[in-house]
Amino acid sequence: MIHRMPITRRAALAGLGTALAAPAIRPSFAQAAPIKVGVLHSLSGTMAISETALRDTVLMMVEAQNAAGGILGRRLEAVVVDPASNWPLFAEKARELLAVSKVDVTFGCWTSVSRKSVLPVFEELNGLLFYPVQYEGEEESKNIFYTGAAPNQQAIPAVEYLMGADGGEAKRIALLGTDYVYPRTTNRILRAFLISKGIPESDIMEEYTPFGHSDWQGIVSRVKRFAGEGKKTAIVSTINGDANVPFYRELGNQGIKAEDIPCVAFSVGEEELAGIDTRPLVGHLAAWNYFMSVQSPANTQFKAMWQAYIKNPRRVTNDPMEATFTGFKMWAQAVAQAGTTSVDAVRTAMYGQKVEAPSGYTEEMHRNHHLSKPVMIGEVQADGQFNIVWKTPTAIPAENWSPFIPENANRRRG
Amino acid sequence: MKHPVLILLLLCALALPARAQDAFTAGLTGLGTGFNQTAEAVDRLGASGDPRALPLLRALADGRLLRQADGTLLIRGDAGVQDALTNAAAEAAGAEPVRLNNRVRVALRGALGRLQLVSPDPADRQAAAEAVFRSRSAENVPLLDAALARETVPAIRARLALALAASRLMADDPQNKLLGVTALGATSSPEARAVLLEARATNPAIAAQIEEAVAAIDQRLAVRRAAETLFQGLSLGSVLLLAALGLAVTFGVMGVINMAHGEFVMLGAYTTFIVQEALRGIPMLAPWSLPLAVPAAFLVTAACGAAMERGLIRHLYGRPLETLLMTFGVGMMIQQSVRLAFGAQNREIISPPWMQGTLMLPGEIAVTQNRLWILVFSLVILGLTVAAIRFTRFGLEMRAVTQKRAIAASMGIRTGHMDALTFAFGSGIAGIAGVALSQIDNVSPNLGTGYIIDSFLVVVFGGVGSLAGTLVGAFGLGIINKILEPWAGAVLAKVFVLVAAMLFIQRKPRGLFAQKGRAAEA
């Protein structure tokens, strides 16, 4: 016993010494100023349910990048702000990040209305924003890289699936959405698309509800009535945020089975399903570019990395998290390639940047600031995960200016 | 004498399964290789009529059917994994569950329906009649004729008759078709209407008869739809009533503008969650977590209310603006504390089975169970509140203090004490509302914010200080909202209701049930 004591103490001292010496091992960190990474996601308010996980994803990436030696020998430092689901506050916080904190890059926003709010700020101060969520398109700012899907990478393939043999050959479509720019623009594109496929106006139903809507009984029974006209009907949902929970609960209670009226959602992922008993919803669909159930080496690594970082083996991953992950990796590659964090140099280096994404495909950043992405359709399972029932064979490039919007006819392509 | 007959019977008995087994094994080909192949295999198995197909298809529907790389099918049961053909115990290693999509599910429903029509269990037969109605095909007509002749349960007979009529409609000969049209036209079911409309497109020859049948159904449906709209209005009203009832006490009776009222509702919902989690491990109590959450939520929020009244509000009596700002701030603090403690994610409250699904009232009026229970619950809570204020000593003292504080004090009532109790009572009711709302809304830190404006609207519209006014106000606004919704959409309907309420309050500032006498002027 007595003999062993000093050894333990010596070992402890050695350990302490290593710990003290650690900063000295990477001297470059101490000399160069850190690269600042802004995080602009709502941590309170109605969007906190979705955006909190994205903040954690960025922090995880920053930590991992630092562990791997940073970029250009410089350490990364995250600057987190909370725009509180308040759209004008997004613009103020963006200005604060760019003008006061002088961040080199920002990862942020979920809803399109928040992106529209910060866009003029990023253009005025020449900042760089990575936007990780599927959206309605009709935008191409030189200061924003869009790592989520454009309508042709999500909405249109999903509706085509519903109208095909596997989706049940739907002839009538109910478009349900939350009342803001993303659902309204997407539904405008979808309506034009459906009409081009020979579906008459009378077979399309369109309804909007406020954010956080909870009383769905009237709308769901109207959909039921709409479906009772003797043609196969499907629901296309652009309902956003936590209004989805009471919506799906009402679908279950009114006995709307996926075999009869399938519902495909564009904003419901693993994270949103975490608060719902999914057993009555089995067979309803979601269209994304990534599901947690994807089988790929990159995804296995991504899931393990996330669950280790968040210290909870049951936490789920979802599509916008994957888009954040992919966007961050591309940005890191572009900075390393450009040799600087200057916005203009990084922008040029971003074009053509490729990443083996957790979706199992190689995703590439094109000159239209959008990624090529695979499209996947998943069915809700009893355990809250998605069973992938259809996917595109390759990653497809984005059409951010939809050909189904007449005003885009004069726009150049490519 | 009997021997030849017996031998014949025996031979038949032996021959039948042998033939069916061939169809069964042949039907299995392709099962699990792809969605289309699986759907085709399911169709064949359903048509085979083999009793061994039933457990296999059930396993497939539940995701318990596994397939090994060499094509061997296994069923995962309670006792372990078995070979689907030989029932021998098997090793599940390397086997993948056979995957389903909606196309396979539709095929499965039809096949299971056909096979279960002969089941001894009435619940199975009911489900089978439903499934066969949905999958309707002319081949099922003789099957359904036989099932109908055997069936004795009236409810299942009705479903079978509907399924038979729908299947007849798919038959080739016009005589059978017309029989189907007549039978479907005699019902008052929206599903029958949908089937008829679907048939109209493919059968122009009998379009006139179909139109007639649809018109007859429409007539009967009109009444029922009106009743359903009324129920939806009452249901929305009951939610408003629950949310506003506590406020009717704290704001209506005491005059405290409590902007944290919604947060008390939210605390009630989180209490429900905590009770559910605490009872999860106790099998005897777990199904009763929702009823048990009611008193728990009342106590928790009442305690919070009492603390808030004693600690803060009593220092601000007579200063409504300061009270408003202060309670608003407290509300935000409660919201953020809950977010820190439980996270921003929604919490899942499991609905007990008696609160799920749809209930058919007489006249086939479909109402969702959870909404119905909340309607009943809100009326019970209203009744209890009225009783507490009317008939108990606490209620008497409460009314005395609010009507004439000085005289009540001189009678020996501790008015400060009463203020705290009244505020706690109102907050407790808000907590109970949270238990009910956890069943229909998201249990998230933002739960309460959605209800605060509506609650004030109901109380002011109904008449401050009047519980009857709160009742009429809540149901009135709920029904008007639901009548407007189909025409104007959910967003505009709400705007219309707000404008109408504003105009109404302009004309009658004291609301529907204006308080008369001294209390009103005070």
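Good morning. The model is predicted: local features need pLDDT of at least 70, side-chain atom pairs count only at pLDDT 80 or more, and totals for chains, interfaces and linings use all residues. Residues are numbered from 1 along each chain as its sequence is written, chains are lettered from A and ligands numbered from 1 in the order in which they are written, and side-chain values use heavy atoms, without hydrogens and water.

Let me turn to the salt bridges. Side chains of opposite charge can pair when their charged atoms come close. Here a salt bridge is a side-chain nitrogen of Lys or Arg within 4 Å of a carboxyl oxygen of Asp or Glu. Over all chains, the search finds 43 salt bridges. B:Arg114 takes part in one with B:Glu139, whose closest N and O atoms are 3.9 Å apart. This pair links distant parts of the chain, 25 residues apart: B:Arg114 is in helix α4 (residues 102-116) of chain B, and B:Glu139 is in the loop between α5 (122-135) and α6 (140-150). Helices (H or I, at least four residues) and strands (E, at least two) are DSSP runs, numbered from the N terminus. B:Glu139 is exposed, at 59% relative accessible area.

In chain A, the side chains of A:Glu271 and A:Arg315 form a salt bridge at 3.6 Å, N to O. A:Glu271 belongs to helix α10 (residues 270-273) of chain A, while A:Arg315 is in the loop between α11 (297-310) and α12 (319-338), 44 residues apart. A:Glu271 counts as buried, at 4% relative accessibility. A further salt bridge joins A:Glu201 to A:Arg191 (2.4 Å, N to O).

Which residues are linked in a network of salt bridges? They are A:Glu207, A:Asp215, A:Arg222, B:Arg371, B:Lys482 and B:Glu485. B:Lys482 is also in contact with B:Gln232, as are A:Gln217, A:Gly218 and A:Ser221, leaving aside neighbours within four places in sequence; contact means heavy atoms within 4.5 Å. B:Gln232 lies in helix α10 (residues 207-253) of chain B and counts as buried, at 10% relative accessibility.

I now move to the aromatic residues. Rings of Phe, Tyr and Trp (its six-membered ring) pair if their centres lie within 6.5 Å; planes under 30 degrees apart count as stacked, over 60 as edge-to-face, and the rest as tilted. The whole structure holds 26 aromatic pairs over all chains. The rings of A:Tyr180 and A:Tyr182 have centres 6.5 Å apart and planes at 50 degrees, so this pair is tilted. A:Tyr182 counts as buried, at 3% relative accessibility. A:Phe193 and A:Phe404 form an edge-to-face pair, 5.3 Å centre to centre, with 85 degrees between the planes. A:Phe193 lies in helix α7 (residues 181-196) of chain A and A:Phe404 in the segment after β14 (386-391), so the pair ties together parts that are 211 residues apart in sequence. A:Phe193 counts as buried, at 3% relative accessibility, whereas A:Phe404 is partly exposed, at 24% relative accessible area.

Finally, one aromatic cluster is formed by A:Phe107, A:Phe130, A:Phe145, A:Phe328, A:Trp331 and A:Tyr351. Thank you.

Terms used. Buried means under 20% relative accessible area, exposed over 50%, partly exposed in between (1.4 Å probe, protein chains only).
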